[in-house]
Amino acid sequence: MTTHLDTSMEFLGWPVSKLRAVLRAQNVGKSSFGDVGYLSAVKLTSGAAAAMLGEAFLLGFIAKVDEDGNPDPNGGYGLTKSGKAIAAATAMRRTKKDNAKRILERVLAKAAELAVDAVTPIKVEKIWVFGSYIDPSRPDVGDLDVVIETRFTGIDGTSSFRRRLEYIRDRYPGLLPSGFDPIFGGMDDYFVNRMLYGARKPALLAPNDIPTLISLGCPCALYFDIDNGGIIEPQFHARHPDSPGRSNTVSEKLAMPEFELMKEFSFTPPVVATHEFLMGGGGADVEVTTSRLDSAMEDSFVLDSYPRMVPMTVKRKLTFSDTEWAYEASLSVPKGMSKGGRNVDGRYRPDIRNAVDLLHADILRLAAFRQEQGAKVEIYADVSLSKSVKTWESDYDFRHRRFVLHDHETLGLDAFPTPFSWGVDFALDGYGGGYIGPAMMDDDDWDSATLPFSRNEYEAWAKEHGIAPTQDGPSGMSPGP
């Protein structure tokens, strides 16, 4: 009954499994993009994590929702039903029904073995199967959905713990760990699970419970009934005999959404940099002033989302041409609120960290857009900090800790998917990083480069646009901001 990820798919150039991990992180609440990016299942720079969350927001995987993931303008930011489907998905490949059949037959055989054991503490009464395994229209399964009903056989009570433990170890040696102590409980479940599934439950097996099966009101089949001899010919039902139909408390089955390609570029929504968004709470939207011309787009907003946080104005501008895309951004705070990096009137520092990660996200998403457009333009980005911001950021060791687009190798994290990394020059208030573009590459560079186009394709494009590739940079183009 689970959703499945196609592991061959990508999202913003990374494996789609990273998107799943990012959505799971957002669902539990993180206070910064760095908190999301540094998770072992994510391993992205904070700017890359911001790009993933921003794109997920634009695609409707995250929104203001109620507890069930339905749109709710008064709700908190959380996963929509599409987002839940991705976050809950398994990356395990669908498999032939024959593989599931072999697992089911082993479970049935173990249940039958328990049925003839006169003094076993627990017996299996019924085994139900539902989902894709019993759907004749499905040639394969994502998992094997089962419900196993058990009952105690009369050996119960605190005084019988020792007797049951001795029996299980005698009759089924090695089934329970040597250090297992029944005083902590769980012996019965442990016994049944190990007895039916073996030392390790097969990954394909997805046990559920009888209340869920009754609530689902879905087709099911009875494969084991101890009152009718144990293993039986499957008895198919339109729904469980005790089910009146699908309960209105059961959520609709999750469906994996389509991953749309970017038709046009837009700035990363500033709301994703707010604490309300990152921590899954409610809050006011960030007001954005935007304008867009044929060859340029720009916006301005105030990032002031946390109680008593110093407000910070962020301005962004992107200009397109046939040969380069120029991105400019600036951060500033009111002059009266910059006092040597100390709190002003009990206020917290401006959220410089998340704001700059938001700008990094723009550059990464812009590189992804370039890839999808098949463009060969270079991207020049220039981010400036006002004097008031520089005062505040002194405590952050800002240049070292936050500038990760080109310093990502020392962090062991991914900043760019390889096909996007060429021809991006990012400068933060004058401090640039390593940079290489096709116009500056020599023969050795071309031999070792991993670009989404060949040297001949690039040189034909450069000739068409009047660019002469040299070691010093393209003719008529600046080497960076």
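Predicted model: local features only at pLDDT ≥ 70, side-chain atom pairs only at ≥ 80, totals over all residues.
Residues are numbered from 1 along each chain as its sequence is written, and side-chain values use heavy atoms, with hydrogens and water left out.

Let's begin with the aromatic rings. A pair of aromatic rings is described by the distance of the centres and the angle of the planes. Here, rings of Phe, Tyr and Trp (its six-membered ring) pair if their centres lie within 6.5 Å; planes under 30 degrees apart count as stacked, over 60 as edge-to-face and the rest as tilted. That rule gives 13 aromatic pairs. Take Phe-57 and Tyr-77: their ring centres are 6.4 Å apart and their planes stand at 65°, so this pair is edge-to-face. Because Phe-57 lies in helix 3 (residues 46-58) and Tyr-77 in strand 4 (residues 76-79), the pair ties together parts that are 20 residues apart in sequence. Helices (H or I, at least four residues) and strands (E, at least two) are DSSP runs, numbered from the N terminus.

How covered are these two residues? Buried means under 20% relative accessible area, exposed over 50%, and partly exposed in between (1.4 Å probe, protein chains only). Phe-57 is partly exposed at 22%, whereas Tyr-77 is buried at 5%. Elsewhere, ring pairs join Phe-265, Phe-267, Phe-320, Trp-325, Tyr-327 and Phe-369 into a cluster.

Next come the cores. In soluble globular proteins, nonpolar side chains tend to be buried together. A nonpolar core is a set of buried Ala, Val, Leu, Ile, Met, Phe, Trp, Tyr and Cys residues joined through side-chain atoms within 4.5 Å. The largest one has 85 residues, and Leu-19, Leu-23 and Leu-331 touch the most other members. Helix 10 (residues 352-373) gives the most to this core, with twelve residues. Beyond its neighbours within four places in sequence, Leu-19 is in contact (heavy atoms within 4.5 Å) with residues including Phe-11, Met-52 and Phe-259. A second, separate core of 30 residues includes Leu-104 and Tyr-167.

Finally, look at strand 17 (residues 424-428), where five of the five residues are buried. Val-424, Phe-426 and Leu-428 point one way, and Asp-425 and Ala-427 the other. Strand 17 pairs with strand 16 (residues 378-385) in the parallel sense over five bridges; strands pair if DSSP finds at least two bridges between them. The bridge partner of Asp-382 in strand 17 is Ala-427.
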